[in-house]
Amino acid sequence: MNSVAKRAVILLTRPSAALHSVNWELQQWRGIRVKVRNGNLEQALTILQRKMQSSGIERMIKNEQTHHIKNSEKRVLAKKNLECKIRGQDLARKLKAILVKKVR
């Protein structure tokens, strides 16, 4: 392996429409960098995968699926999202009722 390959830097940048934390904006500006040391590409790929998981890129890529989704799958996903939304609303309603009782 030549010296250029040893000093290779894998750089990934993310689209701007994702998470909105300070760390996220910093990484968006910098990108994710992984140095390949001593020609050990496997270790660099492992580190890159870990960084991608922790920063949320993997989730983002999964959400932006390019393949066709069957209508039955769409219905199942829509139903799950609706159930999750309703569960959250119910929880918010219960918490609000508890807080109102405590204030009185």
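A residue is called buried when its relative accessible area is under 20%, exposed when it is over 50%, and partly exposed in between, using a 1.4 Å probe and protein chains only. The structure described here is a predicted model, in which local features need pLDDT of at least 70 and side-chain atom pairs count only at pLDDT 80 or more, while totals for chains, interfaces and linings use all residues. Residues are numbered from 1 along each chain as its sequence is written, and side-chain values use heavy atoms, with hydrogens and water left out.

**Overall fold**
- The protein has five helices and two strands, where helices (H or I, at least four residues) and strands (E, at least two) are DSSP runs numbered from the N terminus.
- Along the sequence, these elements follow the pattern α-β-α-β-α-α-α.

**Surface and contacts**
- Of the 104 residues of the protein, 14% count as buried.
- The accessible surface comes to about 9300 Å², of which 56% belongs to carbon and sulfur atoms, with areas taken from the Shrake-Rupley method and a 1.4 Å probe.
- Among contacts with a separation of 6 or more, 46% are between residues 24 or more positions apart, a contact being heavy atoms within 4.5 Å.

**The salt bridge**
- One salt bridge is counted, defined as a side-chain nitrogen of Lys or Arg within 4 Å of a carboxyl oxygen of Asp or Glu.
- Arginine 93 and aspartate 90 form this salt bridge, and their closest N and O atoms are 2.8 Å apart.
- Both residues lie in helix α5 (residues 71–103), three residues apart, which is about one turn of the helix.
- Arginine 93 is exposed, with a relative accessible area of 53%, whereas aspartate 90 is partly exposed, at 31%.
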